[in-house]
Amino acid sequence: MRERGSAVSKIGGRDVASNRGHLRLAKTPPATTESRRAEDPRPESLARLAELLAAHTPYDGSFPLRVPGVHAIRRSTVSRDMVRATVSPALCVVAQGAKVVVLGREVYAYDSSRMIAYSVELPVAAQIVRATHREPFLALKLDLHGYKIAELSLKVFRTACRVLETRAACVSVKSRPRSWTRRRGWWS
C-alpha cells in the first residue's frame, strides 16, 4: 500500500518510513491464511452495512444516528495530508475504504477486514487512504464510556478479568472469539 503525504510514505512491512523519524507498524494478531479466511467478515454483511451507512450519509461528514453515541461517517476522497485531531474513546468499524492512524511512532492501518478501538482520548494523525466518489470511505463509530463499560464488565464477568491489551488503541480482526457460543446467547 502506498501513501501520499509527508507523514507516512510506505506501509509495506513492519517499518514505515517518515520524515518525522522512524515509525513502526503496530502489531496485528498473527493468523495463518486459512484461519484468516474463517475470521474475515462476510462480504454480504459488509455490503449491507455499507448500503445502510450510505443511506444515512448523503454527503461527506459525520452524522449522528438515532441511537445516542452512534455515528455514520463518509469521506469520498483520499486525504492528501495527515489530519491531526484528538479522538475520544470509541469503536470504529469500516464497511468500505481504508484509513491509517498514526499514534506516536506507531501506525494503525485498518479497512473493512479490521476495526479499531480507542480506550482513552488520544492525539492522533489520520489519513483516508482508500476512497472514491463511487466507493466512498464508510464507517460506523460507537462512542465508548469507560464507566458504563466497567459497570457492564462487572455484571458479565463476576470474577476479575485479565487485561490482555494495554495499548490505548487496538486494531483487531472482525470476528467473534472462539469461546463465544450460540448456546451462551452472547451472539446471534
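Biologist: How many bridges join strand 3 to strand 4?

Modeller: Keep in mind that this is a predicted model. Strand 3 covers residues 61–64, and strand 4 covers residues 70–75. The two run antiparallel, and the number of bridges joining them is four.

Biologist: OK, and which residue in strand 4 is the bridge partner of Gly 61?

Modeller: Gly 61 sits in strand 3, where it points to one face along with Phe 63 and is buried. Across in strand 4, its bridge partner is Arg 74.

Biologist: Is Arg 74 buried or exposed?

Modeller: The cut-off for buried is under 20% relative accessible area. Arg 74 therefore counts as buried, since its relative accessible area is 14%.

Biologist: Which residue has its backbone oxygen 3.0 Å from a polar atom of the Arg 74 side chain?

Modeller: Leaving aside neighbours within four places in sequence, Arg 74 is in contact with several residues, including Tyr 59, Asp 60, His 133 and Phe 137. Thr 57 is also one of those contacts. The backbone oxygen 3.0 Å from that polar side-chain atom belongs to Thr 57.

Biologist: Which residue takes a positive phi in the hairpin of strand 3 and strand 4?

Modeller: That hairpin has five residues between the strands. The positive phi there is near 85 degrees, and the residue taking it is Gly 69.

Biologist: Where is confidence highest in the protein?

Modeller: The mean pLDDT of the protein is 76, with 65% of residues reaching 70 or more. Residues 1–21 stay under 50, and strand 1 has the lowest confidence, at a mean of 42. At the other end, with a mean of 97, confidence is highest in strand 4.

Key. Residues numbered from 1 in each chain as written. Predicted model: local features only at pLDDT ≥ 70, side-chain atom pairs only at ≥ 80, totals over all residues. Heavy atoms only, no water. Buried < 20%, exposed > 50% of the residue type's maximum accessible area, 1.4 Å probe, protein only. Polar contact = N/O pair within 3.5 Å; in protein donor to acceptor, adjacent residues only side chain to side chain. Contact = heavy atoms within 4.5 Å. Pairing = 2+ DSSP bridges. pLDDT = per-residue confidence, 0-100.
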